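Here is a friendly walk through one protein model, from the whole chain down to single side chains. Keep the structure open as you read.

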Amino acid sequence: MFDVKRLLEEVTRQEERLSALCVQLDPAAVPLEHAACVYEAFARMEKLAAGARLRLAARVEESDHWRRTGHRTAADWLAHAAGTTAGAAHAELATSVHLAQLPATNDALRRGDLSTAQATAVADAAAADPTAEGRLLAEAATSSLRELRDDCARVKAAADPDADARYERIHRSRSVRWFSDHEGAWNLHARGPADLGARVVAALRPLIDDAFTSARTEGRHEPEAAYAFDALVALASHSTDGSRRREKYLALLRVDVEALRRGAVEADEYCELTGIGPVPVRVARDLLGEAVMELVVTRGRDVASVVHLGRGPTAAQKIALLWSQPTCSRQGCDQLWTHAEVDHRVPWADTHRTELPGLDRLCRHDHRLKTNDNWALVAGTGKRAMVPPGHPDHPDNSGRDPP
């Protein structure tokens, strides 16, 4: 009989030992001749732990724990627990489901032979063609991740009996996403049918060549990827007839007026395009001169004291709320203001007043949790935890009314 208690005790014990080892590790004290060896040992441990996590993901989905903790999907819970993106968690969950039919890949994960990225690629392809599993696992041991992914894509394409259906499936899931990375740089990710992607590349290619020629004329030598970015900006800055068009930044510029006057951001001041990322004050000044956008400044119109008798906030209150709460008010939720709904902390039916300090922003999922399942944000303002009914911090159980 499986001893659950013993397993949990052993997992806890090993976690504590690894934690102690990581705390004690002083990279500067590791002799140079042993640094690579120690690094490889930690890489193997990471693969082993990631493999165990990958194999458990489908079981977590079956447990329904994610639903009881108020997450949209099992993948959202996995992303929260592992500190990854929702996209990575979705791929991890799909891989975990595939593993039930892929014993060789499962064994490779047990041994720590595969990284999460390798396992995801192999499992995805082997699920479509199980006969390719052994070859792909052998390739994973010698090839780069990019080469492995390319081969896995070929395996999937060859195994698909209906290429047209696959094309339509990819077309339906087409997407463009942009986000800011840890350095504040803007990133763009696009996915769609290959032929439509080729049209984008074809449109960019002459502009890339132009950027290359201009750089050489000016004595600059940069990677082609840099010229491709310049080409993308040039493409976005011209209309289909070739004439330059006026840029419209459909974003909220959040900037402290003192920073705008000073020319630089200090301390906790803001200067950013919400949902895109921080920008220098110089860029903000340029945008204000040529762009169409909503502008919020900390010393602009005082809307905090405005009392509106209607159910919904005024336009000024909405803009001020975007400044203070650009994402969902639930702690850990990063849904942007474009996907959030304004929520009265105290029901409007009880007060018949709409005041800025009494408003929160909830994404559609969390708003449904509040409306349909009586979840609630804990007392306070700004980003904070959201708890289910029965939780001691739920406003209904705290012995006091929410602020």
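## The chain as a whole

Residues 24 or more positions apart account for 51% of the chain's contacts with a separation of 6 or more, where contact means heavy atoms within 4.5 Å. Please bear in mind that this is a predicted model, in which local features need pLDDT of at least 70 and side-chain atom pairs count only at pLDDT 80 or more, while totals for chains, interfaces and linings use all residues. Residues are numbered from 1 along each chain as its sequence is written, and side-chain values use heavy atoms, with hydrogens and water left out.

The secondary structure comes to 17 helices and 12 strands; these are DSSP runs numbered from the N terminus, helices being H or I with at least four residues and strands E with at least two. Of the 403 residues, 29% count as buried. Buried means under 20% relative accessible area, exposed over 50%, and partly exposed in between (1.4 Å probe, protein chains only).

## A hairpin and its turn

Strands β1 (residues 175–180) and β2 (residues 186–191) run antiparallel and pair over six bridges; pairing requires that DSSP finds at least two bridges between two strands. Within this pairing, Trp-178 has Leu-188 of β2 as its bridge partner. Five residues sit between the strands of the hairpin, and Gly-184 there takes a positive phi near 90°.

## Aromatic pairs

The whole structure holds two aromatic pairs. Rings of Phe, Tyr and Trp (its six-membered ring) pair if their centres lie within 6.5 Å; planes under 30 degrees apart count as stacked, over 60 as edge-to-face and the rest as tilted. Trp-186 and Phe-229 have ring centres 6.2 Å apart and planes at 70°, so they are edge-to-face. Because Trp-186 belongs to β2 and Phe-229 to helix α12 (residues 224–236), this pair ties together parts 43 residues apart in sequence. Trp-186 is partly exposed at 35% relative accessible area, and Phe-229 is partly exposed at 41%.

Phe-212 and Tyr-227 are edge-to-face too, because their centres are 5.9 Å apart and their planes meet at 85°. Phe-212 lies in helix α11 (residues 194–217) and Tyr-227 in α12, so parts 15 residues apart in sequence are tied together. Phe-212 is partly exposed at 38%, whereas Tyr-227 is buried at 2%.

## Salt bridges between helices

A search of the whole structure finds 17 salt bridges, each a side-chain nitrogen of Lys or Arg within 4 Å of a carboxyl oxygen of Asp or Glu. One of them joins Lys-156 and Asp-124 at 3.2 Å, N to O. Since Lys-156 is in helix α9 (residues 145–159) and Asp-124 in helix α7 (residues 116–128), the pair ties together parts 32 residues apart in sequence.

Asp-151 and Arg-135 also meet in a salt bridge, at 2.6 Å. Here α9 supplies Asp-151 and helix α8 (residues 133–140) supplies Arg-135, so the linked parts are 16 residues apart in sequence. Asp-151 is buried at 11%, while Arg-135 is partly exposed at 44%.

Arg-330 is buried, with a relative accessible area of 10%. Leaving aside residues up to four places away in sequence, Arg-330 touches several residues, including Thr-69, His-365, Asp-366 and Trp-375.
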